[in-house]
Amino acid sequence: MATTEQTFVIVGAGLAGATAAEALRTLGFTGRVVLIGAEVERPYDRPPLSKDYLQGKSEKDKIYLHPPAWYDEQGIDLRLDDPVTAIHRDAHEVGTRGGERIGYDKLLLATGSSPRRLNVPGGDLDGVLYLRTVGDCEALKAAFASAGRVAIIGAGWIGLETAAAARDAGCEVTVIERAELPLQHVLGPEVARIFADLHRDHGVDLRLDAGVAEITGAGRASAVRLADGTVVEADAVVVGVGITPNTELAEAAGLDVDNGVIVDAHLATTDPDVFAAGDVASAYYPHLDTHLRLEHWSAALNQGPIAAATMLGGAEEYDRVPYFFSDQYDLGMEYSGFDPGGGYDEVVFRGDVAGGEFVAFWMGGGRVLAGMNVNVWDVTDAIQALVRSGRPVDSVRLADPAVPLADVAPQGTE
């Protein structure tokens, strides 16, 4: 069990790192906790950066996880704007950019992820924007306030949420996507078409099955030239083509890395004193019998406390059903489950798809692999129970809104 003489260092002051620090105190750890962040901002939530805060619907102080005084009150040594640059496992120390070496008894890596850069000519011009940090969000807000035309490269969740925010700000918006539909790799064509229609209905010009050849401009981005030669003029260009885990420290330290830092169901690496959580962690999910690295708010929120408990000698597993949410215009949705590589063979719709209030279920072999509720609330627990059960269900009953989800019985039980 941890003692008061011990020092626990957390590298990364995002959601996973901050929730782990909070959990250490809640669980009774009285030793030293050092929380080290690369940004100048104290720990904050990222979802508002593409939703309410980006749209000006909430104030900046709402994004922070704790008040400024909380860290001193909890005895948490919060270090900002001084990122860790090296892990010295043999010495049980980390080194920071400022030259300090800090010893640790236990080390948690919560280094998060970074936006994937667009590697095309003109990709480094002024006016080419990404979204990851508070500063990025505020640059986007300023751009949307002054730009008449916005081009968004990438029709994933960030691309579509920023498209909705730009339309809300009155901008003309063009979304450029390599796939045939937005979110196709996540949702499949049956549901992806719904999001395509949603954005078209709100005036977005979708350029699908389209590659980007270059971004042009005299010092500042003014247009995007597509692979077919078409030119999309823009006063601002937003790039949302995915993120990559910040594994450089872990790799340099000799930890196992494969699309993230490899950890077990307890968030522990093969080094007994090093752990990982959040975007950077490729964690083993017992109910799925596989490792996953999930770039979702819920994983960062809930993995931090499990990692903290493991650092204190606990044996709790992280085995939640994967979950994420999105808000675009008047559409709110929650997605629960995991469909590896589009392995579903049927999509079952329940409710009013045309009216925008429904639940979609991705089925494989009669089992519910994942479910997404759109403008239908208080059903997440029932959806996750169906996903977790792993048992075949009657798709006719599943599609019938008159049958409560909790009463959708597995086949062969009635």
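The buried residues of helix α1 pack against β1 (7-11), β2 (32-36), β3 (76-79), β7 (106-109) and α7 (297-311). Buried here means under 20% relative accessible area, with exposed over 50% and partly exposed in between, for a 1.4 Å probe and protein chains only. Helices (H or I, at least four residues) and strands (E, at least two) are DSSP runs, numbered from the N terminus.

The model is predicted: local features need pLDDT of at least 70, side-chain atom pairs count only at pLDDT 80 or more, and totals for chains, interfaces and linings use all residues. Residues are numbered from 1 along each chain as its sequence is written, and side-chain values use heavy atoms, with hydrogens and water left out.

To stay with α1: how many of its twelve residues are buried? Ten are, so to speak for the helix as a whole, α1 is mostly covered. Among them are Leu15, Thr19, Leu24 and Arg25. Helix α1 covers residues 15-26 and reaches 16 Å from its first C-alpha to its last, close to the 16 Å expected at 1.5 Å a residue; the expected span is 1.5 Å times one less than the number of residues. Gly28, whose phi is positive, near 100 degrees, follows α1.

I turn to the whole chain. Its secondary structure comes to nine helices and 26 strands. The radius of gyration is 23 Å, close to the 22 Å that the globule rule gives for 414 residues, so the chain is as compact as a globular protein of that length. That radius is taken over C-alpha atoms, and the rule is 2.2 Å times the number of residues to the power 0.38. Along its principal axes the C-alpha trace spans about 70 × 60 × 35 Å. Of the 414 residues, 54% are buried.

Methods:
Contact = heavy atoms within 4.5 Å.
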